[in-house]
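The structure is shown first, and the points follow by topic.

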Amino acid sequence: MRVLVAAERLGRAGGMERYLDVLLPKLIARGATVRAVARRVDAPIDGVAAVQVPWAEEHDAPSAAARAAVRDAVAAFAPDVAVAHNVMDAGVVEALRGAARFVYHVHDHRPFCPNGDRVFPRTGRTCTEPLGRACTIHSLTDGCAYGPRRRTARLIRSRERLRDAVAAADAVVVASRYVAERARDSGIDEGRIVEVAPPLPDDAYGAPDAPPGGSRDVVFAGRIVPQKGLDTLVRAVATIVPERRPRVRAFGDGPARDDVRAEALRLGVALDAPGAVDAAVLRAALDDAALLALPSRWAEPFGYVGIEAFARSRPVVAIDAGGVRAWLQTGWNGVAVAAGDELAFGAAVEALLDDPARREHLGRHARGDAERYRADTIVDVLARTYGLT
């Protein structure tokens, strides 16, 4: 069994990279020979021979040289399946189609959204319209892409070419029904779409009978950019009376971190934002925390950090948008709050902090639900999707 993986990046910088760190060793353990081509190789994965191929950035025209290099890699390796993760160069995707079988993983909104985040720049509203003519209209009305410029038209055409290359895949893997619907609406055959949640490694799990956290801390984990909503969380916590406010522990880096720190100081919210940390530090913080907050203002394609919290028996308070309903059920394992209602978000956090018995109840269900995301279970499904079993 030969698997050729094409990925935007190999390393440990984000969700897609962690996904591959879990998935590829599991495929190798099942007897697969795995090779990789990547736009950027930051860190190797044991057992995977990787070659760096500098294909186009997501807003640039496809690279003819990269397409030729990937085509040659396919011909030389003759994989049973080629699998793409976050490959935004349409020419590279077209070259991968030369394998006996081709599977494309959609990790985020970029393949079907010129903005990349499905957020209208002028209003902050979430877009659910299909890629194509609607993007042109919203470049005029909402400032999408580059606004009413020729560059926008070129970008939309480039995304349509990518969409067509993805549509030619034997299977298109998505993490949630929400992303499946966006892919279908943009022209991907529903019969080729396979919904598969991301895998959790075994060391992500705490003990099934783990006690509630020992503090009132609220944990946030993610890139600190406006879409992820750390500032929303800070303002929501500021609605709680000062003597009852929890500390917010925010793990991640990003350009908005200093601004959020300043806002927390102004509002009197205790914010610990040490930057990016490794998985062990985040898990220890979750073990001590009362809950995880997921205040994203964009439509999360899935919300991986939510199930990471579940694996540590911690309930989640999240904005009800995008794919979070794939795993979050209000009253069972957490609380979903309507988008844009910071007062309600703060009230939901406060209610859980003041009710340890309910937190324990939700956390117990969350830990049980986390079992669905065990890596071996997920890899079973992906191996069938790849045609390896």
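Two strands are taken to pair if DSSP finds at least two bridges between them. By that rule strand β2 (residues 33-41) pairs with β3 in the parallel sense, over four bridges. The model is a predicted one. Its strands include a set of seven that form an open sheet and a set of six that form another open sheet.

**Seven-stranded sheet**

- The strand order is β3-β2-β1-β4-β5-β6-β7, and the pairing is parallel.
- The edges are taken by β3 (49-52) and β7 (193-195), each of which pairs on one side only.
- From one strand to the next, the twist averages 20°.
- Within the pairing of β2 with β3, Val37 stands opposite Val51 in β3.
- Helix α1 (residues 15-29) packs on this sheet and touches β1 (2-10), β2, β4 (81-85) and β5 (102-105). The direction of α1 makes about 160° with that of β1.
- Helix α13 (residues 375-386) also packs on the sheet, where it touches β4, β5, β6 (171-174) and β7. The direction of α13 makes about 135° with that of β5.

**Six-stranded sheet**

- Here the order is β10-β9-β8-β11-β12-β13, again with parallel pairing.
- Strands β10 (271-275) and β13 (334-337) stand at the edges with a single partner strand each, so one side of each has no neighbour in the sheet.
- The twist of this sheet averages 20° from one strand to the next.
- Val317 stands opposite Val335 in β13.
- Helix α10 (residues 304-311) packs on the sheet, with β8 (218-221), β11 (291-294) and β12 as the strands it touches. The direction of α10 makes about 175° with that of β11.

**Helix pair α7 and α8**

- The axes of α7 (residues 230-238) and α8 (residues 257-267) come within 10 Å and cross at roughly 5°.
- Angles under 35 degrees count as roughly parallel, so α7 is roughly parallel to α8.
- On the α7 side the contact is made by Leu230, Asp231, Val234, Arg235 and Ala238. On the α8 side it is made by Val260, Glu263, Ala264 and Leu267.
- These contact residues divide into six nonpolar and three charged, with no polar ones.

**Cavity and pocket**

- Rolling a probe the size of a water molecule over the atoms shows where empty space is left.
- The count comes to one cavity of 30 Å³ or more.
- The largest cavity has a volume of about 120 Å³.
- Its lining consists of 15 residues, and Cys113, Pro114, Cys127, Cys135 and Cys144 are those nearest the centre of the cavity.
- The lining of the largest cavity divides into 11 nonpolar, two polar and two charged residues.
- The second largest pocket holds about 190 Å³ of space.
- The second largest pocket is lined by 14 residues, among which Ser296, Arg297, Ile319, Ala339 and Gly340 lie nearest its centre.
- The lining of the second largest pocket divides into five nonpolar, five polar and four charged residues.

Key. Residues are numbered from 1 along each chain as its sequence is written. This is a predicted model: local features need pLDDT of at least 70, side-chain atom pairs count only at pLDDT 80 or more; totals for chains, interfaces and linings use all residues. Side-chain values use heavy atoms; hydrogens and water are left out. Axes are lines fitted to C-alpha atoms, for helices over the stretch in contact, and angles run from 0 to 180 degrees between N-to-C directions. Helices (H or I, at least four residues) and strands (E, at least two) are DSSP runs, numbered from the N terminus. Angles under 35 degrees count as roughly parallel, over 145 as roughly antiparallel, 65 to 115 as roughly perpendicular and the rest as oblique. Contact means heavy atoms within 4.5 Å. Ala, Val, Leu, Ile, Met, Phe, Trp, Tyr, Cys and Pro count as nonpolar, Asp, Glu, Lys and Arg as charged, and the others, Gly among them, as polar. On a 1 Å grid over the protein atoms alone, a cavity is a set of points where a 1.4 Å probe fits but cannot get out, and a pocket is an open set with protein on both sides within 12 Å along at least five of seven lines; lining residues have an atom within 4 Å of a point. Grid points are joined across faces, edges and corners, and a volume is the space filled by probe spheres set on the points.
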